[in-house]
Amino acid sequence: MGSVTASTTAQPTLRVAAFCGSLRKDSWHRGLIRAAEELCEESIPGLRIDHVDISGLPMVNPDLETDGGEGFPPPVEALRERVRAADCFLFASPEYNYSVTASLKNALDWASRGKRNCWADRAAAIVCAGGDFGGARASLHLRQIGVFLDLHFINKPELHIRAFAEPPKFDEEGNLIDAVTRERLKKVLLSLQALALRLQHNKDD
Ligand SMILES: Cc1cc2nc3c(=O)[nH]c(=O)nc-3n(C[C@H](O)[C@H](O)[C@H](O)COP(=O)(O)O)c2cc1C
């Protein structure tokens with residue numbers, strides 16, 4: 001994790017592990033993560049996005065665990081390592097039947113296993129795109145899951161994108177093309193950065 005040094009006012013670069021809940025090739029949510037990567041490179045030097053691909057994980061199954069529950073299949077070990085190494089998390093997930101997607105829940109479950117819940121005590125943000133509610137019910141459900149995982153979600157701003165409302169928000173390849181939504185995404189990232197830094201400062205005190 002990036003550490004906060006007392007001798008300088010320069011901010012550390014925080015690693016944001018980003019997860020896309022959709023497996024669709026032209027996913028809007030993957031597009032949101034790409035836009036977040038660009039925003040960090042262009043104008044938020046204190047944040048770096050590390051997109052963690054969760055599409056190849058096996059379905060969670062305690063029978064696949066070894067070493068008394070501390071050993072995992074290689075793709076799961078790799079996931080757990082990147083979750084542990086992150087300073088904070090960005091979740092971009094569609095709403096599937098009023099919840100997050102099975103693929104995202106699978107990743108959340110795998111990295112919660114073992115003696116040490118890999119998610120614990122880090123800042124997180126969720127961004128969603130969907131129909132009339134903009135994926136808001138998935139966002140609320142993830143916050144509920146985050147209670148047990150000990151995630152600290154930013155409360156504001158919320159980003160629930162009504163993807164079918166005018167003007168168009170995404171192109172056919174899932175790229176975010178709306179400047180206003182891009183600015184709202186930037187504000188989410190800045191809020192995530194502020195909360196992550198606050199949590200790290202509290203630990204250093
Ligand atoms: C299995 C399934 C369930 C869905 N359930 C909902 C739902 O409950 N509410 C909703 O607004 N959209 C629902 N949708 C639509 C998705 O949220 C929408 O397709 C998604 O935002 C697209 O995101 P993506 O481009 O990243 O794949 C569902 C789609 C699928 C495939």
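Is L47 buried or exposed? I looked this up before anything else. L47 counts as buried, because its relative accessibility is 4% and the cut-off for buried is under 20%. I note for the record that the model is predicted.

I placed L47 in strand 2, residues 47-51. I then checked L47 against L90. The two are 43 residues apart in sequence. Their C-alpha atoms lie 11 Å apart in space.

**Entry: the annotated span**
I looked up the make-up of residues 15-163: 34% helix and 21% strand. The end C-alpha atoms of the span are 28 Å apart.

**Entry: aromatic rings**
I counted aromatic pairs and got 10. I picked out F19 and F91. Their ring centres are 5.5 Å apart and the planes make an angle of 25°, a stacked pair. F19 sits in strand 1 (residues 14-20) and F91 in strand 3 (residues 88-92), so the pair ties together parts that are 72 residues apart in sequence. I found both F19 and F91 buried.

Next I took F89 with F91. This pair is tilted, because the ring centres are 6.2 Å apart and the planes stand at 35°. F89 and F91 are both buried.

**Entry: the ligand**
Which residues are closest to the ligand? I listed S22, R24, S27, H29 and N97, out of 14 residues that surround the ligand. I sorted the shell by type: five nonpolar, six polar and three charged.

S27 has a polar side-chain atom 2.6 Å from an oxygen atom of the ligand. W28 has a backbone N or O atom 2.8 Å from an oxygen atom of the ligand. A129 has a polar backbone atom 2.9 Å from a ligand oxygen. Taken alone, the ligand exposes 630 Å², and the protein buries 68% of that. I asked which elements give two or more residues to the shell, and found helix 1 (28-43) and strand 4 (122-130).

**Entry: positive phi values**
I came back to N97, one of the closest residues to the ligand. Its phi is near 50°, a positive value in a residue other than glycine. N97 lies in the loop between strand 3 and helix 3 (102-110). N97 counts as exposed, because its relative accessibility is 78%.

D121 is not a glycine either, and has a positive phi of about 60°. I placed D121 in the loop between helix 3 and strand 4. At 30% relative accessibility, D121 counts as partly exposed.

**Entry: cis peptide bonds**
I checked omega at two prolines. The peptide bond from K156 to P157 is cis, with omega near -5°. P157 is in the loop between strand 5 (151-153) and strand 6 (159-162). E166 and P167 are also joined by a cis peptide bond, with omega about -5°. I found P167 in the loop between strand 6 and helix 5 (179-204).

**Entry: F133**
Where does F133 lie? I found F133 in the loop between strand 4 and helix 4 (136-149). F133 counts as exposed, because its relative accessibility is 53% and the cut-off for exposed is over 50%.

Notes: Residues numbered from 1 in each chain as written. Predicted model: local features only at pLDDT ≥ 70, side-chain atom pairs only at ≥ 80, totals over all residues. Heavy atoms only, no water. Helix = DSSP H or I, 4+ residues; strand = E, 2+ residues; numbered from the N terminus. Phe/Tyr/Trp six-rings, centres within 6.5 Å; stacked < 30°, edge-to-face > 60°. Buried < 20%, exposed > 50% of the residue type's maximum accessible area, 1.4 Å probe, protein only. Near = heavy atom within 4 Å. Polar contact = N/O pair within 3.5 Å; in protein donor to acceptor, adjacent residues only side chain to side chain. Areas by Shrake-Rupley, 256 points an atom, 1.4 Å probe, with all protein chains shown as cover. Nonpolar A, V, L, I, M, F, W, Y, C, P; charged D, E, K, R; others polar.
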